[in-house]
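Subject: Structure handover

Hello,

I am passing this structure on to you, with notes on what turned up in it. Please look at the structure first and then read on.

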Amino acid sequence: MKIAHFGAYGINIGDNIALYNVRKGIEESFGSPIEWTSVNILDFHETRNNIDFTIEQFKNISANNNALVIGGGGLLEGGVYNQGFETGYKLPFTAQTLEHLDIPIIVFSVGVNYFRMIDGFNATGVQALQSLVDRSSLFSVRNDGSKDSMLEMIPACADKIYEIPDPGLMYLNQSPQLDTIDSSKIKFQPAWNGDSRVLSGRFVRDQNLQDISRFVSEQKMEIVPHSPKDYSFLGLDNSRYVVSLEDFRKEATLEKAISFLDRYLSYDAVIAMRGHGQLVSIGSNTPSLYLSTQDKVLNFSKKNGFEDYNIDILEYDWLGKLQRCYDKLLNDKVYLKNWYDIRNKMMPEYNSSYQNFCNKVSQILRNSND
């Protein structure tokens, strides 16, 4: 069995753990050896999703593979991809390019990646996304509100879209449950972007960014990066990162994703800004607060029972709430235990949903190989 696996390969640890666990889930369910070929979205972005380039790539993928798996990761995005990208959104899949893929297509737990104050999909992108849903043998999105966003754009596709956990929640090594939290073992997991418009949507005003940096400094928290961009977070002390940028680039790979994230096992708690910081902390049984500057973090908290542990930057007195939640994590045993109770209730549901989808994928693969 040969599978082409399309995704955002690089040095974002969240993307890497998602891709790694997609493969692991399919392999364990399929039960026979799989030969994976990585198809990097960045190769298409270098051409701005050029149609002719894409068609040639898809012909090659079809000729040499039994199936194409797309995801995981936040691959469904318009915004900055609306202009200049020939497909009208982040992905190279349109009605025209999909004609050259003659193998089953499985979209695996992808996310609709909206940023605040940034436009979503335009009409061209929505039409292309509709074509991808129609052409896919299976189509799933992660459980962070992405299905709701999909149905706002293409409501007729409700019956074709599965909602499953993000792969970043799955198969992680787990920490033991704690009765108390040591403040010296609480880490901060930041989120930074290269686009100034995205940063404006995240932080709204400079004072909010300064308040976050000051809070992290006052609590003497070490910093856990998930992307090289996180090292550019203004106001944070570079000496407080748990790994240097040079070492991060060496470690944050597809092959080393699990060992990199095993760092979470030595943390008592995490304050996470990135979606995968939120998900990895839950998957690894590491108590966590979620400083949401993006709707996917807020929506995951709301949809999965963690709203009492979410602090959104748009809330009135968000900084005061962050301090209160931090203090409760340290001093309120009921608050800490409730986090574990929510997590322990949800994980069996995540595991079951994820496994069921992997089984559906395996059946598609077996049918294609008959």
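Does V334 count as buried or exposed? The relative accessibility of V334 is 54%, and the cut-off for exposed is over 50%, so V334 counts as exposed. Please keep in mind that this is a predicted model. V334 is part of helix α14. Between V334 and S146 there are 31 Å in space from C-alpha to C-alpha, with the two residues 188 apart in sequence.

Nonpolar cores

The largest nonpolar core has 80 residues, and the members that touch the most others in it are I26, F108 and I271. Helix α14, which covers residues 333-369, gives the most to this core, namely 13 residues. Residues up to four places away in sequence aside, I26 touches I3, I34, W36, V69, F108, C358, V361, S362 and L365. Another core lies apart from the largest one; it has 35 residues, including A8, F44, Y89 and C157.

A buried aspartate

D211 sits in helix α8, residues 206-218. With a relative accessibility of 9%, where buried means under 20%, D211 counts as buried. A polar contact of 2.6 Å joins the side chain of D211 to the side chain of R214. Beyond its neighbours within four places in sequence, D211 is in contact with W318 and L319.

The largest pocket holds about 840 Å³ of space. It is lined by 34 residues, of which N12, D15, K90, N193 and K229 are the closest to its centre. At least two lining residues come from each of α2 (41-45), β4 (73-76), α7 (196-203) and α11 (275-283). By class, the lining of the largest pocket has 13 nonpolar, twelve polar and nine charged residues.

For the second largest pocket, the volume is about 150 Å³. Its lining consists of V112, Y114, D144, G145, S146, D148, S149, E152, D295, K296 and N299.

Regards

Notes. Residues are numbered from 1 along each chain as its sequence is written. This is a predicted model: local features need pLDDT of at least 70, side-chain atom pairs count only at pLDDT 80 or more; totals for chains, interfaces and linings use all residues. Side-chain values use heavy atoms; hydrogens and water are left out. A nonpolar core is a set of buried Ala, Val, Leu, Ile, Met, Phe, Trp, Tyr and Cys residues joined through side-chain atoms within 4.5 Å. Buried means under 20% relative accessible area, exposed over 50%, partly exposed in between (1.4 Å probe, protein chains only). Helices (H or I, at least four residues) and strands (E, at least two) are DSSP runs, numbered from the N terminus. Contact means heavy atoms within 4.5 Å. A polar contact is a pair of N or O atoms within 3.5 Å; within protein, one must be able to donate a hydrogen and the other to accept it, and residues adjacent in sequence count only if both atoms are side-chain atoms. On a 1 Å grid over the protein atoms alone, a cavity is a set of points where a 1.4 Å probe fits but cannot get out, and a pocket is an open set with protein on both sides within 12 Å along at least five of seven lines; lining residues have an atom within 4 Å of a point. Grid points are joined across faces, edges and corners, and a volume is the space filled by probe spheres set on the points. Ala, Val, Leu, Ile, Met, Phe, Trp, Tyr, Cys and Pro count as nonpolar, Asp, Glu, Lys and Arg as charged, and the others, Gly among them, as polar.
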